[in-house]
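Please look through the model below before reading on. The paragraphs that follow go from the whole chain to its sheet, its hairpin and a few single residues.

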Amino acid sequence: MPPPTVVPARTLDTVAGARVPVPHPDRVVHLQFRRFAGCPVCNLHLRSFALRHAEVVAAGIREVVVFHSSAEALHPFTADLPLDVVADPGRALYREFGVEYGPRALLDPRGWPGIARAVTQEVRAIRRRGRPAGPAHPQDGRLGLPADFLIAPDGRVLAQKQGAHLDDQWSVDELLALVPAGDRA
């Protein structure tokens, strides 16, 4: 199914119990689709957004991150993030937005440097801060691909990126460059 060009209004429930409107009436929404709870590449990516959260908010952007894991599985890995995290274990949102999964998530060599960086950071975090290790065999699978959507308050999809491998997503700088001044809150 191709991704939408206009996103119908809905309210998503976060793993922290909040309710988030998408599209948001006052902010541009960066809807991120990530892989599974405890994914080292996803964790490293989201930590970069957490570190620069104030810049993202100042640009009028609301971060909403979707995982194809249960809320229970996500909580140990996302509880300290200043982002709205949504569990979608049935992959309903993934299907609606045309987000794919498949072996290329892991087999594309362009993703391997990201895997090495992420695993190195995760091992350090586990040793230093006692962060839980990701699952050896995630219930929800390892073959998800990332995707990013920038959604205007009126529901228009301003930009999108469907990842070609597990580390193919917008950086904070790329996201900030995409938000048109007229669409900022």
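Helices (H or I, at least four residues) and strands (E, at least two) are DSSP runs, numbered from the N terminus. His45, for example, lies in helix α1. This is a predicted model, in which local features need pLDDT of at least 70, side-chain atom pairs count only at pLDDT 80 or more, and totals for chains, interfaces and linings use all residues. Residues are numbered from 1 along each chain as its sequence is written, and side-chain values use heavy atoms, with hydrogens and water left out.

Take the whole chain to begin with. The protein chain has seven helices and seven strands. Read from the N terminus, its elements follow the order β-β-β-α-α-β-α-β-α-α-α-β-β-α. The chain has 185 residues, and 48% of them count as buried. Here buried means under 20% relative accessible area, exposed means over 50%, and partly exposed is in between (1.4 Å probe, protein chains only). The protein chain exposes about 8,700 Å², of which carbon and sulfur atoms supply 57%. Such areas come from the Shrake-Rupley method with a 1.4 Å probe, and for residues only the protein chains shown count as cover. Contact means heavy atoms within 4.5 Å. Among contacts in the protein chain between residues at least 6 apart in sequence, 68% join residues at least 24 apart.

Next comes the sheet. Two strands pair if DSSP finds at least two bridges between them. In which order do the five strands of the open sheet stand? The order is β5-β4-β3-β6-β7, and the pairing is mixed. The edge strands, each pairing on one side only, are β5 and β7 (157-162). From one strand to the next, the twist averages 15°. Angles of this kind run from 0 to 180 degrees between N-to-C directions, and axes are lines fitted to C-alpha atoms, for helices over the stretch in contact. Within the sheet, strand β3 (residues 28-33) and strand β6 (residues 147-151) run antiparallel and are joined by five bridges. Val29 has Ile151 as its bridge partner in β6.

Helix α3 lies across β4 and β5, and runs at about 155° to β5. In this helix (residues 71-78), Leu74, Phe77 and Thr78 are buried. They are on the same side of α3 because they cover an arc of only 80° around the axis. The arc is that of the directions from the helix axis to the C-beta atoms. The cover over the buried residues of α3 includes α1 (40-51), β4 (61-67) and β5 (84-87).

Strands β1 and β2 form a hairpin. Strand β1 (residues 10-13) pairs with strand β2 (residues 19-22) in the antiparallel sense, over four bridges. Leu12 stands opposite Val20 in β2. Five residues lie between the two strands, and Gly17 in the turn has a positive phi of about 95°. At Val22 and Pro23 there is a cis peptide bond, with omega at about -5°. Pro23 lies in the loop between β2 and β3.

Asp84 and Val20 are 64 residues apart along the chain, yet their C-alpha atoms are separated by 7.7 Å. Asp84 counts as buried because its relative accessibility is 14%. Arg91 is in the loop between β5 and α4 (92-96). Arg91 has a positive phi of about 60° although it is not a glycine. At 17% relative accessibility, Arg91 counts as buried.

Now return to His45. Is His45, at 7% relative accessibility, buried or exposed? His45 counts as buried because of that 7%. Leaving aside its neighbours within four places in sequence, His45 is in contact with Gln32, Arg34, Gln169 and Trp170.

How many disulfides does the structure hold? It holds zero disulfides, a disulfide being a pair of cysteine sulfur atoms within 2.5 Å. Cys39 is in no disulfide, and the nearest cysteine sulfur, that of Cys42, is 3.0 Å away. Cys42 is likewise in no disulfide. Cys39 is buried, with a relative accessible area of 0%, and Cys42 counts as buried at 3% relative accessibility.
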